[in-house]
Amino acid sequence: MEELKPGAAGSHFERGSRVMEICRLENVKKTYEAGEDVTPIEQISLTVNSGDFLCIEGPSGIGKSTLLYIMGGLLDATSGNVYIDGRNINQMSDKELTDTRRDKVGFIFQDSNLIQALTLEENLLFAQNLGNKKKDYTQIEHFLTRLGLWERRNFLPGEVSGGQRRRAMVACALIKDPLLILADEPTNDLDEHWANVVLSLLSEAVNSGKSIVLVTHNTHGAEKAHLRFDLSQGILHRK
Amino acid sequence: MGILKLAYLNVTRRKSQSLLTGIITAVTILMFVLVFSIFSVVQDGLALTNERLGADIIVLPNSADSDSLKTLFTGNPENVYMAKEIETQIKTFEGVEKTTPQFFTATIPGAGCCSFSESLRIVGIDQSSDFILKPWFEKYSVNKMADDEVIIGGDIENIVGNKVSILAQPFKIVGTLYDTGSGMDSTIFMNIDRARVLASEKFTTSSWNGSIPQNLVSSILIKTSKGANVELIAGRINSADLGVKAVSTTSSISSVKNQLSSVSKVILFLWFALLLISILALTGRFNSLAKERKREIGFLRAMGIQKSGIFKLLISEAWIIAGIGGLAGSILGVIMVKPALAVIEEAMVIPRGQLTLTGAVVSVAIGLAASLFLGLLAAAYPAWKSSSLVPQEAISKGDLG
């Protein structure tokens, strides 16, 4: 199958900037047992460069999240290779892979995931401090304000709405300042206004050289992407 | 924000989950500290009794109801007497090195005098032959007690030089004893002749069975020669038809030791059963807490927290909960020692004793260490299991969409 190279195809960021390979999938296949063998990922090769904003679309349950998990080193591929920042994660120890996730990957999960005992502000602080990064309260304030969470900054995740939790998750992923942001339905639970704010923040991250892979089962947000793919029968089809 | 702070916040902000776990730990440690402290106190009391009893044999009138154990441990003799000449006869037995008589006058209420104790005993000693009290003198200002002078036990709150009124007679305190953990601590000792005079003034002549207090003693304490067979000597005195009963103190103490040993085995078994149940309950508790937080643990792993970090987080949380529960349980356990001892003393004859400050601190420290060990034991497997979770499975609960 032809390897898809979005960066090479021309992203917003590459104009006037040095393009770097951030993530590469090489003939990745994923099969798992669920009563019978299921193969959500048949054979995918894909390169994500700095400044790429990719959108992978497809109906629910088709394997989009699985693909994101494999790209981010949360799930092993059955076969094929995954490279993050030039290193094959199949050859990394668990410790190295965890450090890679910490330093280079930011996740926005489909379901709200935050640390329940920390306030929204503390969640951001925790994410920012990972890897002994210096505390920069200006950034925390910036994200809380942009995402309409400033008034709720001292609330625990269980005390705010689903939409507010999702916005906080977006902030957590962005504040880590990763090379690659993997966003699984990031605008779920959000009204149009906040969905647009989230997509704007993601676009801003792309403009500053980050790479984003967004998966969605609807077209919301897809129009912001430089490249759009359909996932069907385990293969990516460029739209 | 580090792992330890996160652990602390996880414990303090999930109050209901932490509270139940803390209570289980606290109850287990309370029982442990209580049992441990009581046995320490009783063992110390036994050791003290053993040590302080320069006497190897105690001789009481045949008609005395109180057994030798009570006399040994609680200093609770009755107004039952024997002729003082019996001491002279006893001295002739082979193997008897020293003897000294004591005369029990009365029990008086402590509050009326000068003590925290509920009641005080007045006992007369023969200073010329006494070998029981001398090793326990803490402060002693005279060579020989005058008739209006007394020595007080360690439990009696007063100071040397003070004057007190005993049975309406003025006395001067000339000495105090170290705490012995026995009935001596709440006893007022005076010259044996003066004790007899007080008794004759307090009680009617019918109490003396046709004799007079000056010719009577309550007990005779015997020190045997080195290497002598104490049981044999006691047996010979008992067979001599003197109207007395001689009891070997070592056999009394060893009988209490045996009694305590049997009780301690039962209690130890029950405590181990409780410990096992607590470990299982806490393991189940930590397991279900970890399961409840499976998604969060997956999220932490996805964010870049190492397996060791997750293990450290969960163990730290267990330690914080177990530590707080253990500390509370230990303190409560120490507080409950005194009332528990009182209940036990009613049920069985044991040496009197009390938990010292050092003993209390040691008990709390041991309780705390035990709670941390308990926490580690109970949380190790759930923590290891949680840290080994595949992040994706933890996050999506196995659902691959």
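This is a predicted model: local features need pLDDT of at least 70, side-chain atom pairs count only at pLDDT 80 or more; totals for chains, interfaces and linings use all residues.

Residues are numbered from 1 along each chain as its sequence is written, with chains lettered from A and ligands numbered from 1 in the order in which they are written.

Okay, the sheet. In chain A there is an open sheet of six strands, in the order β6-β7-β8-β3-β9-β10, and the pairing is mixed. Strands here are DSSP runs of E, at least two residues, while helices are runs of H or I, at least four, and both are numbered from the N terminus. For a pair, DSSP has to find at least two bridges between the strands. Which strands stand at the edges? Those are β6 (105–108) and β10 (235–238) of chain A; each has a single partner strand, so one side of each has no neighbour in the sheet. From one strand to the next, the twist averages 20°.

β6(A) pairs with β7(A) in the parallel sense over four bridges, and Val105(A) sits opposite Leu180(A) in β7(A). Val105(A) and Phe107(A) point one way, Gly106(A) and Ile108(A) the other, and all are buried. Buried means 20 or more other C-beta atoms within 10 Å of the residue's own; 12 or fewer is exposed, anything in between is partly exposed, and the C-beta atoms are placed from the backbone.

Further along the order, β3 (residues 53–57) and β8 (residues 211–216) of chain A run parallel, joined by five bridges. There, Glu57(A) stands opposite Thr216(A) in β8(A).

Now the helices. α5 (residues 137–146) packs on α6 (residues 162–175), both in chain A, at an angle of about 145° with the axes 10 Å apart. The axes are lines fitted to C-alpha atoms over the stretch in contact, and angles run from 0 to 180 degrees between N-to-C directions. On the α5(A) side the contact uses Gln139(A), Ile140(A), Phe143(A) and Leu144(A), and on the α6(A) side Ala171(A), Leu174(A) and Ile175(A). Contact means C-beta atoms, placed from the backbone, within 7 Å.

The axes of α4 (residues 120–129) of chain A and α5(A) come within 10 Å and cross at roughly 130°.

Next, the backbone. Asn27(A) has phi near 50°, a positive value in a residue other than glycine. Asn27(A) lies in strand β1 (residues 21–34) of chain A and is partly exposed, with 13 other C-beta atoms within 10 Å. Glu185(A) also has a positive phi, near 50°, but its place is the loop between β7 (180–184) and α7 (192–207) of chain A. Buried or exposed? Glu185(A) is buried, with 23 C-beta neighbours inside 10 Å.

Last stop, the two chains. Chain B puts 20 residues into the contact and chain A 31. On the chain B side, the elements giving two or more residues are α1 (3–13), α8 (294–303) and α11 (391–396). α8(B) gives the most, six residues.

That's my tour; over to you.

Notes. Two residues are in contact if their C-beta atoms, placed from the backbone, lie within 7 Å.
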